[in-house]
Amino acid sequence: MEKQLKQFNHHQLLEQTELLSQIEKEKLQESLSTQNFEAINTLYQDVYVNRKVTLPDDVQDIETVIISEVADEDYRQIEDTGLKAIKAGKFAAVLMAGGQGTRLQHDGPKGTFEFDGVSLFEMQARQIKAFNEKLNVKIPWVIMTSDINHEATITFFKQHDYFNLNQEDVHFFIQPNIVALSESGELLLNEDKQLLMTPNGNGGIFEALQTSGINQLLKEKGVTHIYMNNIDNVLVKVLDPVLCGYAIDSNADVTTKTIGAKDNESVGRVVEVHGKKQVIEYTELPDGQENAFRNANIGIHIFKLDFLIANAKCDMQYHLAIKELSQLDETFTVVKKKALKFEKFYFDIFKYADSFMTVQFNRSEEFSPLKNKEGKDSITTAYDDLKRTNRL
């Protein structure tokens, strides 16, 4: 291992290992033995050193169903299609909940944050329970956690008796990790004197669903579609039967819920580039065309399970994030310094879909992100929206 550390210029780590106890050294050695040093170096070169952000030259808006323009009869019919599929056990709910409530100054998993004594987890659990009772079905609820909040999340569910859901219908799996690097490309140690790792982005969900055995479990239960959303949106409609109906009716690999983008809004757009659907961040749209694309991505998607199984290990690029992370410096002092985080984005799987359906819904009923303690997308704005829509 010393040879590889020297070969790939991880000099600080090499020096730090000399200061470790035998037990710490053996544990670190075990972690290092699972790393592909060549791949790490290639990732560093491609995503950081030689990073290029190129604007797409053939961006098109996508064909979209505008829900407000759908006739009442057609709306009821598509909703009925969705309800029948949910009742038949065709859908599982998948929640991305790997984050902490740090920006909210909340100690614990973000899903444990409460409004008037009701946690974000419970808000979504209530919706699933209502379907279970109304349709006499047992909907699987699959929750992606991370190393930093997995145990705390499970403890919270146990403390709240799984929010009156059957425990056997609630499944947890952990988001994969990847090494973080210094700006010079070196491996780092965390406060526990082990490799500094970070979650590999929400795009890691697809491989994790497969390797954890969740996909196979759902398949055996007769599930054909997963309804994926995140913990941030307090107005999310878990298993919205209208969106489910469109997924069944279209038989699309991917069915996406969007909202109309506001002018100059800093939110990703669902677009088509060279015939393939994808999400492009607002800052990466061609100059002068930022407001030409109407579908804002809000992270609510339905995937055919067979599509996810077939593409569980497809090639998905890493994106760069530079963050201040706690780490050990050369003197073994804990410091907060810039580090390179590498993240996959779930929407990069869109390009592998042979068929794609987009349905645009009303923002005021569908989207209120909880990101910050104060100001925009804050505790106050989320609470006001919950009260306005009678969700509390």
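Tutor: Helices (H or I, at least four residues) and strands (E, at least two) are DSSP runs, numbered from the N terminus. This is a predicted model, in which local features need pLDDT of at least 70 and side-chain atom pairs count only at pLDDT 80 or more, while totals for chains, interfaces and linings use all residues. Residues are numbered from 1 along each chain as its sequence is written, and side-chain values use heavy atoms, with hydrogens and water left out.

Student: Let's start with glutamine 35. Where is glutamine 35 found?

Tutor: Glutamine 35 touches Ile40, Val179, Leu195 and Met197, leaving aside residues up to four places away in sequence (contact means heavy atoms within 4.5 Å). As for its place in the chain, glutamine 35 sits in the loop between helix H3 (22-32) and helix H4 (37-49).

Student: Is glutamine 35 buried or exposed?

Tutor: Buried means under 20% relative accessible area, exposed over 50%, and partly exposed in between (1.4 Å probe, protein chains only). Glutamine 35 has a relative accessibility of 19%, so the residue counts as buried.

Student: Which side chain makes a polar contact with the side chain of glutamine 35?

Tutor: A polar contact is a pair of N or O atoms within 3.5 Å; within protein, one must be able to donate a hydrogen and the other to accept it, and residues adjacent in sequence count only if both atoms are side-chain atoms. At 3.4 Å, the side-chain partner of glutamine 35 is threonine 34.

Student: On to helix H6. How many Å does H6 reach from its first C-alpha to its last?

Tutor: H6 (residues 120-135) has 16 residues.

Student: Which residue just after H6 takes a positive phi?

Tutor: Within H6, the buried residues include Leu120, Phe121, Ile128, Phe131 and Leu135. Just after the helix, a phi of about 55° is taken by asparagine 136.

Student: Glutamine 105 and leucine 239 also have positive phi values. What is the relative accessible area of leucine 239?

Tutor: Glutamine 105, with phi near 55°, lies in the loop between strand E3 (91-96) and strand E4 (114-115) and is exposed, with a relative accessible area of 63%. Leucine 239, with phi of about 60°, is in the loop between strand E10 (225-230) and helix H10 (241-250). Leucine 239 is buried, its relative accessible area being 0%.

Student: How many salt bridges does a search of the whole structure find?

Tutor: A salt bridge is a side-chain nitrogen of Lys or Arg within 4 Å of a carboxyl oxygen of Asp or Glu. Among those found is a network that links Lys237, Asp240, Lys257 and Glu366. Over the whole structure, the number of salt bridges is 17.

Student: How many residues apart are aspartate 61 and arginine 294?

Tutor: Their side chains meet in a salt bridge at 3.5 Å, N to O. Aspartate 61 is in the loop between strand E1 (59-60) and strand E2 (65-66), and arginine 294 in the loop between strand E13 (276-280) and strand E14 (295-304). The pair links distant parts of the chain, and the separation is 233 residues.

Student: Are glutamate 343 and lysine 341 buried or exposed?

Tutor: The two form a salt bridge, with the closest N and O atoms 3.7 Å apart. Glutamate 343 has 18% relative accessibility and lysine 341 has 15%, so both count as buried.

Student: Finally, strand E11. Which residue stands opposite lysine 257 in E17?

Tutor: Six of the seven residues of E11 (residues 254-260) are buried, so the strand is largely enclosed by the rest of the structure. Seven bridges join E11 to E14 in antiparallel fashion (two strands pair if DSSP finds at least two bridges between them), and the bridge partner of lysine 257 in E14 is isoleucine 300. Six bridges join E11 to E17 (residues 356-361), and these strands run parallel. In E17, the residue opposite lysine 257 is valine 359.

Definitions and conventions
The expected span of a helix is 1.5 Å times one less than its number of residues.
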